[in-house]
Amino acid sequence: GNGSLGEILRARLSNGRFANVKIMPDRASAVALERMRAKCLERNCTIELKEVGIGNKTRAAWVVQTDKDSRIFFVFKKKMIVMAEVDSETGEIIKVIKPWWSFLAKEKNASKEEIEDELEDN
């Protein structure tokens, strides 16, 4: 529009559409970590702006990826890679992606207080 430089951050998508990036990475990671119940300080956590979707349904989204401890059949320890896609325009979680075997595993979730403490520290 008629905005001056630095007011609007946009990403050009493969279908030629421009997507406004209204949500910054710190807010996107906070939303995703609350939903995944994971902590970034203890685990390898990455966040990246990517294009997700197919055809005219593409949009820009923050992809948050982290490792979580889990136990398969409550016995065997296994690290689980969990990803969440957060819409860069609305801040809503589009989807959470877990390994196919996640229904067989018990995840070690962080408590709500631990997540809030970590977000306040950042």
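Modeller: Helices (H or I, at least four residues) and strands (E, at least two) are DSSP runs, numbered from the N terminus. The model is predicted: local features need pLDDT of at least 70, side-chain atom pairs count only at pLDDT 80 or more, and totals for chains, interfaces and linings use all residues. Residues are numbered from 1 along each chain as its sequence is written, and side-chain values use heavy atoms, leaving out hydrogens and water.

Biologist: In which strand is the place of Arg 71?

Modeller: Strand E4 covers residues 59–72. Arg 71 has its place in strand E4.

Biologist: Is Arg 71 buried, partly exposed or exposed?

Modeller: Buried means under 20% relative accessible area, exposed over 50%, and partly exposed in between (1.4 Å probe, protein chains only). Arg 71 has 35% relative accessibility, so Arg 71 counts as partly exposed.

Biologist: Which backbone oxygen does the side chain of Arg 71 reach, and at what distance?

Modeller: A polar contact is a pair of N or O atoms within 3.5 Å; within protein, one must be able to donate a hydrogen and the other to accept it, and residues adjacent in sequence count only if both atoms are side-chain atoms. The side chain of Arg 71 reaches the backbone oxygen of Val 75 at 2.9 Å.

Biologist: Leaving aside neighbours within four places in sequence, which residues is Arg 71 in contact with?

Modeller: Contact means heavy atoms within 4.5 Å. With neighbours within four places in sequence left aside, the residues in contact with Arg 71 are Phe 76, Lys 77, Leu 104, Ala 105 and Lys 106.

Biologist: Over how many bridges do E4 and E5 pair?

Modeller: Two strands pair if DSSP finds at least two bridges between them. E4 and E5 form a hairpin with three residues between them, and Phe 73 in the turn has a positive phi of about 55°. Lys 68 stands opposite Met 80 in E5. E5 spans residues 76–87, and its antiparallel pairing with E4 runs over twelve bridges.

Biologist: Which residue in E7 stands opposite Ser 70?

Modeller: E4 also pairs with strand E7 (residues 105–107), in the antiparallel sense over three bridges. Opposite Ser 70 stands Glu 107.

Biologist: Over how many bridges do E3 and E4 pair?

Modeller: E3 and E4 form a hairpin with six residues between them, and Gly 53 in the turn has a positive phi of about 105°. Val 52 stands opposite Arg 59 in E4. Strand E3 (residues 45–52) pairs with E4 in the antiparallel sense over eight bridges.

Biologist: Is Phe 76 buried or exposed?

Modeller: Phe 76 is found in strand E5. Because its relative accessibility is 52%, Phe 76 counts as exposed.
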